[in-house]
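Dear colleague,

I am passing on the structure we spoke about, and below it you will find my notes on what came out of it.

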Amino acid sequence: MDIYQVAIRPLLFNLVKADPEWLHSTTIRSLKWLSQTSNNPPASWIHHRLQQSLCLEDTRLEQTLFGLNFPNPLGLAAGFDKDGVASAIWSSLGFGFAELGTVTYHPQPGNPRPRLFRLPLDKAALNRMGFNNNGAAAIAKLLAESQQNLISIPIGVNLGKSKVTPLEEAAIDYLNSFRLLKNCGDYFVVNVSSPNTPGLRSLQDAAMLSSILDLLQKENTAQKPIFVKIAPDLEWEAIADIISLAQTYQLAGIIATNTTIRRDQLKTQVIDQTGKPVKEEAGGISGVPLGDRSTEIIRFIAAQTQGKMPIIGVGGIFSPEDAWEKIIAGASLIQVYTGWIYEGPFMVRRILQGLLSKLEQNGLNSISEAVGKEGLGARV
């Protein structure tokens, strides 16, 4: 029995109706304590129990991609651990990698509250957080200290533009963050696709994005893997332009996708906390409504690159079937956030067990053999 789904989630979501951002902050504080006190007997015992309950190790799930070893393909998406305070705990929760941030060069409080909403009818969330974080310098200091804890999974750092920085100075802003953090992450992500920073999505334009990638790769003497994270609302031509740029600047790959600004497929009509129609509330939608579109884009990128460009798939993953769909569409790695909130901590192990079952059903020996094998769908 999954106690989270049976008892904890109904209590928090329905009876107490706890504020989503308060719940998130409380969870992060607890994970921060576990992450920073892992050598203390009580915390060490909790770590051990978490690993026993939530982790699943199997060589068939392992991959080496862009020079990094991933114990399994399921990672934590950016946005959950914005300041990297719990970086040492994510492996104990079963994740094969974790992406921290979004980090901006200047510290910033983000947008006014309320700014995070659950949409239970849609198994979705609406957020307009606005890159609230402590800034690149503070996060670099914290990560340098936490790396002494021997983090056992790859750690990515998601970079965004500071709200106070004019769009024409965006490239320098990203560069300044990267300079501070380049020794603290295993891979980096250029986030130009959040809908919650004014004008940010315009940086997906080929000329604007080119200026950012040019500066970053000139600074990237250690050749750290760099990804670009794109919006699901782009037209195919714009995605093709980004693929071309990613190839030109020898990026490690593309993350598909960020949240969507579309509202047309939602069952939710009114946001309870504000009493306003969901179409009038700013922000990006994550969760189930994003699933099909992100998979379409994964499939498109894989086709355009003949499967040679690594793709990290994110959006609407709640089950092993969701994860498998993105992998056979072309994603080498996948990430979760909203699904983890709805399904609870046991979701990671359930998905990994499900992926192993899919491999067995299809006569495959490793997860890498399934990547891009869309034809397997008929036998799933």
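Is Cys55 buried or exposed? Cys55 is buried, with a relative accessible area of 18%, where buried means under 20% relative accessible area, exposed over 50% and partly exposed in between, with a 1.4 Å probe and protein chains only. Cys184 is buried as well, at 9%. The number of disulfides, taken as pairs of cysteine sulfur atoms within 2.5 Å, is zero.

Please keep in mind that this is a predicted model, in which local features need pLDDT of at least 70 and side-chain atom pairs count only at pLDDT 80 or more, while totals for chains, interfaces and linings use all residues. Residues are numbered from 1 along each chain as its sequence is written, and side-chain values use heavy atoms, with hydrogens and water left out.

As for the chain as a whole, it holds eleven helices and 13 strands, which are DSSP runs (H or I, at least four residues, for helices; E, at least two, for strands) numbered from the N terminus. Buried residues make up 57% of its 380 residues. Of the contacts (heavy atoms within 4.5 Å) with a separation of 6 or more, 74% join residues 24 or more positions apart.

Apart from neighbours within four places in sequence, Thr197 is in contact with Phe131, Lys161 and Lys163.
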